[in-house]
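Hi,

Here is the structure I promised to pass on. Have a look at it first, and my notes follow below.

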Amino acid sequence: MTGIEYDDFLDRTYDPAATELVCTFRIEPAEEMTIEAAASRVASESSNGTWATLHVDESELTHLGAVACEIDESENEITVAYPADLFEAGSMPQILSCIAGNIMGMKAVESIRLEDCEWPESIVSGFPGPQFGTGVAREKLDAGDRPILATVPKPKVGLSTAAHARVGEEAWRGGVDLLKDDENLTDQDFNPFEDRLAESLAARDRVEEDVGERKDYLVNVTGETTEMLERVDLVAEHGGGFVMVDVITCGWAAVQSVRERCADHGLAIHAHRAMHAAFDRLDHHGVSMRVLAQIARLCGVDHIHTGTAGLGKLANEDTPGINDWLHGDCQGLKPVLPVASGGLHPGVVDRLIDALGTDICIQAGGGIHGHPDGTHAGAKALRQSVDASLDGVPLDEYAQEHAELATALDKWGAETPR
Ligand SMILES: O=C(COP(=O)(O)O)[C@H](O)[C@H](O)COP(=O)(O)O
Ligand SMILES: [Mg+2]
């Protein structure tokens, strides 16, 4: 018989093996508890320990205990190494039930935030990663090396199917690459899914024919999983190239199913992150956007929203740092295209590209449809602001020869909205 206690999960001299999943947490220990004691409880509860000392027959036990191995008292940061055998291959729900499960509500910590993960090959190999990733700019669209431009019709819900498709057509003709549904538009009576899909893709085909640039539609397939897979099939039947999924509200298991079905059809996945802030907005508790983006990449989305580096309407974590991770190597997975969205308009595009580079998608709703001369002019203004930024011409100078941009700058200046 052997006893398993909290102390067994702490070893400050331990050097994690390359096969282990290494997680960084920020923790606030409970009152009168040392950070070492709290760290060992985190490692214990998230692997194979519990609150009581256990007595187990060694011969019947696989050693799967995690080790709290680094503790930075000044930052309240701890590192925990998890043996690969703790995890079921290719199951994101099971991984999260370990590393972001009970520990999030454990009384041994006042608060706990999963900040970052280092994903070993042994775990990554169980996941597909993106099918296209940043390659969509050239494989599915004609964006070349410039940022992909996308727009979401506003109001976000309530437009009829015909109005929605018309707004999309105007935006495509004005120069955006992608029409996108909003996160809460799925299959409601005022704008049914299949009608919207058919009408929008018919409009896309007309525009492609006329302007000679490939365009596409990020149609929101979000729903119950079986329903969602049927919607994915419909997108393929109607000749679409992308689906959009609200990945946090659907859950990662559903995203994994959608990824598999999308591979059958060669469809790319645009990940909207509505509800992410419930996990990541507080800097001392929850799961960071960095980790959510990592999970999304493993599960295989091609685009994911990561914020605007503070230039939009929503609070952002470290957008440049997250984007660097999405663009960088992760055990050979394809890179993911980061999407900047939420309160963007032509007047902030130069600073956005300075902050995030060109390998991004720039998505604007109000910043296009709120243009005083309407959607077509708004789309032209956004494209002009990108062209000016890539040519290194100040926006106000470029606006002297580009009326749509001039009107947008008159309206919004370079302000960051709230
Ligand atoms: O509706 C919009 C953008 O509309 P608008 O351009 O009118 O603000 C997007 O759903 C969110 O901004 C997503 O934000 P994030 O990318 O931060 O998840
Ligand atoms: Mg939205």
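**What I found**

Just past helix H6, glycine 212 adopts a positive phi of about 70°. Keep in mind that this is a predicted model.

H6 itself covers residues 193–211. With 19 residues at 1.5 Å each, the helix should span 27 Å, and its end C-alpha atoms sit 26 Å apart, so the two values agree. Its buried residues are Phe193, Arg196, Leu197, Glu199, Ser200, Leu201, Ala203, Arg204 and Val207. On the spacing in that list: an α-helix has 3.6 residues a turn, so residues three or four places apart point the same way. The cover over the buried residues of H6 includes helix H5 (161–174), strand E8 (178–180), strand E9 (216–220) and helix H7 (225–237).

Next, the sheet. Five strands make an open, mixed sheet, ordered E4-E5-E2-E6-E12. Strand E4 (67–72) and strand E12 (286–287) are at the edges with a single partner strand each, so one side of each has no neighbour in the sheet. Strand E2 (residues 21–29) and strand E5 (residues 77–82) run antiparallel, joined by six bridges; cysteine 23 has valine 80 in E5 as its bridge partner. Helix H11 (residues 289–299) lies across E12 and strand E6 (109–118), at about 45° to E6.

And which residues come nearest to ligand 1? Of the 19 around ligand 1, they are His305, Ser341, Gly342, Gly365 and Gly366. Strand E14 (337–341) and helix H14 (366–369) are the elements that give two or more residues to this shell. By type, the shell around ligand 1 has five nonpolar, eight polar and six charged residues.

Cheers

Notes
Residues are numbered from 1 along each chain as its sequence is written. Chains are lettered from A and ligands numbered from 1 in the order in which they are written. This is a predicted model: local features need pLDDT of at least 70, side-chain atom pairs count only at pLDDT 80 or more; totals for chains, interfaces and linings use all residues. Helices (H or I, at least four residues) and strands (E, at least two) are DSSP runs, numbered from the N terminus. The expected span of a helix is 1.5 Å times one less than its number of residues. A residue is buried if 20 or more other C-beta atoms lie within 10 Å of its own, exposed if 12 or fewer, and partly exposed in between; C-beta atoms are placed from the backbone. Two residues are in contact if their C-beta atoms, placed from the backbone, lie within 7 Å. A residue is near a molecule or strand if its C-beta atom, placed from the backbone, lies within 6 Å of it. Ala, Val, Leu, Ile, Met, Phe, Trp, Tyr, Cys and Pro count as nonpolar, Asp, Glu, Lys and Arg as charged, and the others, Gly among them, as polar. Two strands pair if DSSP finds at least two bridges between them. Axes are lines fitted to C-alpha atoms, for helices over the stretch in contact, and angles run from 0 to 180 degrees between N-to-C directions.
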